[in-house]
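Welcome! Take a moment to look over the sequence and the model, and then we can walk through some of the features together.

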Amino acid sequence: MDQRTLQICLLGLLFAVSYGEVRYALPEERQRGDVIGNVARDLGLRVKDLGARRAHVVAEGTARLFEMDLASGNLVISRRIDREELCAQASVCTLHYQLLLEDPLQAHSLVLDIGDVNDNSPVFANEEIKLDIVESTDIGRRFPLESAEDPDFGTNSVRNYKLTPNEHFVLEQSTQINGVTYPELVLKKALDHEAQTEHALKIIAIDGGNPARSGTASIRVRVLDTNDNVPVFTQRVYKASVSENSAIGTSITRLNATDTDAGLYGTVTYSFRNKMSELFDINHANGEVTVAGVIDYEEANAYELDVQAKDGGGQTSHCKLVIDVIDTNDNKPVVEIKSASANVLEDSKSGTMVALINVYDLDVGSSGHVTCVIREDVPFKLVSDVKNYYMLVTDGVLDREIQDEYNLTILASDGGSPALSSSQILTITVSDINDNPPTFTHKDYVANVLENEPVGTYVASVKAEDPDSASNAKIQYEISKSANTEDASFFTINSETGELFTSRPFDYENSVHYKIMIVAQDGGNPRLSSSCTVNVFIQDQNDNAPAVLYPVQSSGFMAEEMVSVDAPRGYLVTKVVAVDGDSGHNAWLSYRIITATEPHLFNIGQHTGEIRTARVFMESDEPKHTLVVLVSDNGPKTHSATCTVSIVITSGLPVLNELFEFREESEDRHNLTLYLIVALSIVSCLFILFIFGICYARLHKRSYMYRSNSASLPVFPPAYCAPPFSDFSRCGTLLNEERFDSFLTTGSWRGDFRFSSNTDTDTLKKRSAAYQKSTLRRASTDRAGVKVRGAAPHPFYVIA
């Protein structure tokens with residue numbers, strides 16, 4: 001086993017794991033690809049996880065000399081290691097690295113102690129050392145020589161000097177304050193200028209390595225003629241200090257050496273004898289030392305200079321000048337983002353790690369102590385568990401809808417005076433989760449649609465908004481089937497735009513109001529939803545013609561109306577009753593006689609349908625008259641129907657004077673009285689409606705029929721109402737909301753209103769048909785008891 005291998009074995013591969021730290025020791029001059037140690041095994045990590053977690057090695061401000069083999073978990077050398085290049089003459093050469101693993105983020109500290117190897121030979125600054133020695137120099141006089149420099153450290157540095165054999169000089173070694181040895185040439189035999197003016201010697205510097213390395217320099221000693229005194233320094237070692245970054249020309253100290261000789265031999269000049277003189281300058285005449293270059297504490301904290309004093313006779317003396325460099329706060333803290341997650345979920349728990357930040361300062365002492373803070377008031381904080389490393393973690397509730405991005409300013413400040421600081425901006429994006437349901441701009445919508453419109457007619461648009469983003473905010477609309485399936489079947493909706501269209505035609509006479517529920521769902525997981533209500537009101541169109549209820553129009557039978565020959569002008573003969581399935585203006589009916597047996601004998605009320613005498617009857621008038629009445633509605637496109645009224649003029653029937661008197665009296669009243677009557681009628685109607693509500697609740701599923709005190713007045717049996725109008729609540733002449741049943745008489749002077757509950761339509765039809773058969777077969781009588789054939793008695797017409 002060679003000596004190099006033995007040294008490596010003695011150094012060994014040592015490591016220690018403490019608080020996530022692994023320490024290795026290795027010698028310098030290891031080559032690329034050499035394995036330092038198995039980091040995965042030493043940290044207790046699984047090798048198969050290294051690639052998945054993107055393990056990599058990062059350095060603090062130094063070049064990366066090592067890398068991670070993800071396949072084996074070994075830490076290998078990526079380039080040649082030279083301790084002298086990395087640490088110069090530092091007593092301890094330690095490199096700090098970090099092993100970072102992501103997903104989840106984890107940091108481990110790697111510390112490497114670099115050992116020295118004897119790879120450098122001692123070198124003298126000058127290949128030839130010149131000495132001028134006066135022949136009268138006393139035996140035993142010492143002449144310090146410049147030390148050989150060896151970049152290696154410790155035992156591998158210079159340890160011994162040898163001098164070639166001669167009879168005048170011997171070589172001895174002295175030790176400097178820092179422990180470095182330097183040679184001194186000692187005169188052991190008096191010199192004789194006349195015998196020999198020059199002596200040639202060789203000095204050999206040997207280091208302590210194994211095997212040892214050496215360096216050689218020539219010593220040329222000139223023997224000078226008598227100069228009895230040499231310059232003498234007041235101190236053998238001078239100490240001084242200077243602040244780093246001091247301006248060039250700044251005075252550091254002044255050295256002083258005296259020579260008791262007179263004249264040229266007493267004139268002393270000063271000079272440096274080592275390469276550090278490029279940073280410093282010395283005044284040759286007075287020995288003042290000044291700054292000549294840029295002094296950096298981070299490069300060296302002290303300098304040791306050899307100073308030579310030489311008189312005019314060539315004799316010299318030496319002293320040491322030790323200059324301590326005072327550190328100043330001239331380095332700003334360094335902030336490095338070692339690893340960062342670009343996005344963080346808005347529902348992340350407090351303490352979730354977002355980024356790993358490394359901060360350090362090249363200064364020492366308080367100037368190198370760094371504190372790190374976040375400048376903004378944000379829901380994040382910095383936590384430090386490893387020296388110079390901070391973890392950025394969440395510290396509060398995140399809400400993307402309030403703020404979706406944070407620009408954090410990481411501020412690092414040192415403890416110097418004045419303090420220096422630096423900052424780094426870190427952008428954190430908050431990722432969306434589906435935490436907001438869609439919200440409709442209106443809770444209730446109202447739309448109006450005409451009946452009979454074609455399928456696909458636009459109804460309304462609903463709109464919902466979702467503050468989430470991407471698919472979480474993508475809204476789809478649908479009609480809820482849970483509330484009213486029948487109403488929902490009339491509509492379709494565009495799932496993307498929320499536009500509502502018809503899927504079936506509407507019939508105002510069947511239903512005037514549809515209520516549907518629209519549900520808006522987002523695209524999140526799980527999906528969130530909300531709903532709104534759309535009230536669709538159907539507007540009537542004039543699509544129904546008037547239907548004549550009385551007189552009944554039948555091909556096999558026509559009822560005849562009786563009127564006394566003594567009837568005065570304006571006498572009410574009968575009344576045409578018609579209804580229209582539409583509503584509003586479309587159901588306003590007007591009556592007009594279009595054909596008459598004898599014109600100008602009868603007239604009809606345009607809006608009431610009452611047929612009255614236009615004059616008194618004369619003997620020349622026909623006894624039987626046929627009138628054709630046109631009934632028209634008030635729609636934009638008018639619909640109409642006709643009916644035939646047969647009137648027989650007969651004698652023997654009494655004239656109802658009360659009718660005439662009542663009419664005449666009414667026509668003569670002042671307009672004010674008419675207004676009072678109208679007001680009284682309205683109040684009475686409201687009172688009747690109230691009574692109807694109570695009766696309806698108590699008489700549900702039962703039907704009653706009342707008869708007027710005047711049994712001879714004409715009324716309409718239920719069978720006279722066409723099937724579509726059997727239920728007055730669905731007869732458009734009145735609004736559908738008026739849910740009461742009315743009994744109408746044909747007399748304009750008296751209207752008897754009676755109330756009954758809704759009767760089953762089929763039952764009503766059966767009863768009406770039976771009643772009509774029986775009544776059409778018997779003769780009816782008037783108030784005087786006169787029988788008139790073909791006229792039916794006048795029961796009330798019930799609309800249920």
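Which residue forms a salt bridge with D432, and how far apart are the closest N and O atoms? The partner is R400, and the closest N and O atoms of the two residues are 3.0 Å apart. D432 sits in the loop between strand 31 (421-431) and strand 32 (439-440), while R400 sits in the loop between strand 29 (389-394) and strand 30 (405-414), so the pair ties together parts that are 32 residues apart in sequence. Both D432 and R400 are buried.

## The model as a whole

Please keep in mind that this is a predicted model. The average pLDDT of the protein is 78, and 80% of the residues score at least 70. Residues 658-662 have a pLDDT under 50, and the model gives them 6 contacts beyond four places in sequence. For residues 701-800 the pLDDT is also below 50, and this stretch has 198 contacts in the model beyond near neighbours in sequence.

The protein contains 8 helices and 53 strands. It has 800 residues, of which 44% count as buried. Among contacts with a separation of 6 or more, 69% are between residues 24 or more positions apart. The accessible surface comes to about 41,100 Å², and carbon and sulfur atoms account for 51% of that surface.

## Salt bridges

Side chains of opposite charge can pair when their charged atoms come close. In this protein the count comes to 15 salt bridges. Here are some of them:

| Salt bridge | Closest N and O atoms |
|---|---|
| R236 and E184 | 3.7 Å |
| E336 and K338 | 2.8 Å |
| D432 and R400 | 3.0 Å |

Let us start with R236, which forms a salt bridge with E184. This pair links distant parts of the chain, 52 residues apart: R236 is in the loop between strand 15 (232-233) and strand 16 (237-243), and E184 is in strand 12 (residues 181-187). Is R236 buried or exposed? R236 counts as exposed because its relative accessibility is 58%, over the 50% cut-off. E184, in contrast, has a relative accessible area of 3%, so E184 is buried. Both residues also belong to a network of salt bridges that links R142, E172, E184 and R236.

The bridge between E336 and K338 is another one to look at. E336 has a relative accessibility of 24% and therefore counts as partly exposed. K338 is buried, because its relative accessible area is 15%, under the 20% cut-off.

Which residues make the nonpolar surface patch of about 810 Å²? They are L672, L674, Y675, L676, V678, I682, L686 and L689. One of them, L686, lies in helix 7 (residues 671-698). L686 has a relative accessible area of 54%, so this residue is exposed.

## A buried residue in a strand

To finish, find N535 in strand 40 (residues 529-539). Why does N535 count as buried? The reason is that its relative accessibility is 14%, which is under the 20% cut-off. Leaving aside residues up to four places away in sequence, N535 touches Y445, V446, A447, H513, Y514 and K515.

Definitions and conventions
Residues numbered from 1 in each chain as written. Heavy atoms only, no water. Patch = residues over 30% accessible without salt bridge, like charges linked within 9 Å, V, L, I, M, F, W, Y side chains within 5 Å. Areas by Shrake-Rupley, 256 points an atom, 1.4 Å probe, with all protein chains shown as cover. Salt bridge = Lys/Arg side-chain N within 4 Å of Asp/Glu carboxyl O. Helix = DSSP H or I, 4+ residues; strand = E, 2+ residues; numbered from the N terminus. Buried < 20%, exposed > 50% of the residue type's maximum accessible area, 1.4 Å probe, protein only. pLDDT = per-residue confidence, 0-100. Contact = heavy atoms within 4.5 Å.
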